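Open the model in your viewer and keep the selection panel at hand. Each stop below says what to select and what is there.

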Amino acid sequence: MEAFADALQRVRRHAGLSYRQLADRAHYSHPHLIRATNGKQLPTWEVAKAFLTGCGVPTDLLPVWRRRWEAASRDPRDIVGLLEAAQSLEELGAALAALARPRSLRTLEQQTGIPRATIQAWLCGARLAGQDRLDHLVRSVGGSPAERAAAADAIERLSPSRERLGSGR
């Protein structure tokens with residue numbers, strides 16, 4: 001949700017619009033548009049679409065933004081669903097980050113013995129974890145058997161080859 005709000009903020013800034021200017025274009029009040037970017041509550045798709053259109057986002061990019069909005073609207077507690085839906089390292093990382101919340105990287109490092117730089121690379125989708133190491137992380141944060149299985153399936157699905165599964169470093 002916060003990432004989506006931040007992305008909306010960046011679009012508005014890139015367009016060079018104040019909230020009042022955007023309100024005129026989007027046909028929503030400026031306080032309403034400010035709330036859409038505060039990260040505390042996800043705006044409705046109608047508000048997000050009006051926000052984006054008001055900022056000049058081309059209509060052919062709206063389906064991409066709709067998918068981002070749908071991903072942000074998922075209940076972060078539904079980790080199994082997020083893991084099962086992950087089609088990229090970035091989506092896998094977002095699911096793992098939701099599972100690990102609210103622990104800091106330092107806490108995760110202390111719990112798992114895995115360097116925080118490695119964990120961070122996994123959570124931001126920069127690197128694919130090895131199956132054993134990822135399972136260790138998921139177990140360490142209290143992941144359920146279903147979450148462990150979904151994480152293993154995601155690694156298998158996203159791994160370019162079985163040989164890479166053991167590397168994860």
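**Before you start.** This is a predicted model: local features need pLDDT of at least 70, side-chain atom pairs count only at pLDDT 80 or more, and totals for chains, interfaces and linings use all residues. Residues are numbered from 1 along each chain as its sequence is written, and side-chain values use heavy atoms, with hydrogens and water left out.

**Stop 1: the whole chain.** Show the cartoon. The chain has 11 helices and zero strands. Both kinds of element are DSSP runs numbered from the N terminus: helices are H or I with at least four residues, strands E with at least two. The C-alpha trace spans about 55 × 30 × 25 Å along its principal axes.

Colour by burial. Of the 169 residues, 41% are buried; that is under 20% relative accessible area, with a 1.4 Å probe and protein chains only. Now switch to contacts, meaning heavy atoms within 4.5 Å. Among contacts with a separation of 6 or more, 57% join residues 24 or more positions apart.

**Stop 2: Phe 51.** Select helix α4 (residues 45-54) and find Phe 51 in it. Is Phe 51 buried or exposed? Phe 51 counts as buried, because its relative accessibility is 0%. Phe 51 and Val 11 sit 40 residues apart in sequence, but their C-alpha atoms are 9.1 Å apart.

Now show what touches Phe 51. Beyond its neighbours within four places in sequence, Phe 51 contacts Leu 8, Arg 12, Tyr 19, Leu 22, Ala 26, Leu 33 and Thr 37.

**Stop 3: α8 and α10.** Two packed helices are described by the angle between their axes and the distance between the axes. Select residues 105-112 for α8 and 131-140 for α10. Their axes are 10 Å apart, at an angle of about 105 degrees. Axes here are lines fitted to C-alpha atoms over the stretch in contact, and angles run from 0 to 180 degrees between N-to-C directions. α8 and α10 are therefore roughly perpendicular, a term for angles of 65 to 115 degrees.

Show side chains at the contact. α8 brings Leu 108, Gln 111 and Thr 112; α10 brings His 136, Leu 137 and Ser 140.

**Stop 4: α9.** Select residues 116-123. Which residues of helix α9 are buried? They are Thr 118, Ile 119, Ala 121, Trp 122 and Leu 123. The buried residues of α9 pack against α7 (89-100), α8 and α10. Finish at Gly 125, which follows α9 and has a positive phi, near 80 degrees.

Conventions: Buried means under 20% relative accessible area, exposed over 50%, partly exposed in between (1.4 Å probe, protein chains only). Angles under 35 degrees count as roughly parallel, over 145 as roughly antiparallel, 65 to 115 as roughly perpendicular and the rest as oblique.
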